[in-house]
Amino acid sequence: MDRSTNLDIEELKMTREQYILATQQNNLPRAENAQLYPVGIYGWRKRCLYFFVLLLLVTMIVNLAMTIWILKVMNFTVDGMGNLRVTKKGIRLEGISEFLLPLYVKEIHSRKDSPLVLQSDRNVTVNARNHMGQLTGQLTVGTEGAVFGHSVETPHIRAEPSQDLRLESPTRSLIMEAPRGVQVSAAAGDFKATCRKELHLQSTEGEIFLNADTIRLGNLPTGSFASSPSSSNAQQTVYELCVCPNGKLYLSPAGVGSTCQSSSNICLWS
């Protein structure tokens, strides 16, 4: 019994000592130089964070405004962009367009009642090729006119108002063919045909018909009589149009009758 009593007394002493120690620790005065370490972002770091957040917000607003402006200016829609529209039949392009690279299309046509204009600072060249890639036709439109690399089939060729129409083949021949005839007319001007060597008018089954109030043949040679005084030739004003057997035309001084036979010595020179 004495032993258990001693154990209880010792436990009471230990409990008392612990209480006293705990009370003394709570009552100890705090040091005057104790430093407090706050948790968080303060000072210049906080200001930099706010600045970057504000800069990011401004950048987002500017990007959004630029995107809306581009969509408005370029006219982006569900069907296409600007004057370019994607339809079931292909691509529809309205207004003036500029192509910097070659354009490969199957068909180009304008709207109804509207012209199709192709414009270039230099030349506009249109090539036609077969399935093997060989060039079969070429059209070049430049400052000097239109140049065709091969034959041309067209129902109508005309020049601009108040402009001349000129058909020229610099190195080869120029051939115009039609099964029912070729008609060349000048309603309010002259028609001129010039060549360097010979100009042939040939009709295989018909005739050559010249219908005009006045038909003039300039620079025709003039035949003369073998024994005719020179004074009579100087006063001669009327001449007769004669034809040599080879078709050459010449003039003979007119008389009471035909004088072609007497002045036909010029046919010997041709």
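**Notebook: looking through a predicted chain**

I began with contacts, meaning heavy atoms within 4.5 Å: residues 24 or more positions apart account for 17% of the contacts in the protein chain with a separation of 6 or more. I noted that this is a predicted model, where local features need pLDDT of at least 70, side-chain atom pairs count only at pLDDT 80 or more, and totals for chains, interfaces and linings use all residues. Residues are numbered from 1 along each chain as its sequence is written, and side-chain values use heavy atoms, with hydrogens and water left out.

**Entry 1: the whole chain**

I looked up the secondary structure and found 3 helices and 8 strands in the protein chain. Here helices (H or I, at least four residues) and strands (E, at least two) are DSSP runs, numbered from the N terminus. Read from that end, the elements go α-α-β-β-β-β-β-β-α-β-β. I then checked burial, where buried means under 20% relative accessible area, exposed over 50%, and partly exposed in between (1.4 Å probe, protein chains only). Of the 270 residues, 6% count as buried.

**Entry 2: the sheet**

Which order do the strands of the open sheet have? I read β4-β5-β6, 3 strands with antiparallel pairing; two strands pair if DSSP finds at least two bridges between them. β4 (124-129) and β6 (145-148) are the edge strands, each with a single partner, so one side of each has no neighbour in the sheet. Between β4 and β5 (residues 135-142) I found 6 bridges, in the antiparallel sense. Within this pair, Asn127 stands opposite Gln138 in β5.

**Entry 3: the hairpin**

Next I followed β7 (residues 239-243) and β8 (residues 249-253), which run antiparallel and are joined by 5 bridges. They form a hairpin with 5 residues between them, and Gly247 in the turn has a positive phi of about 95°. Leu241 faces Leu251 of β8.

Which residues make up the largest nonpolar core? I listed 6: Cys242, Cys244, Tyr250, Cys260, Ile266 and Cys267. Such a core is a set of buried Ala, Val, Leu, Ile, Met, Phe, Trp, Tyr and Cys residues joined through side-chain atoms within 4.5 Å. Leaving aside neighbours within four places in sequence, Cys244 touches Tyr250 and Cys267.
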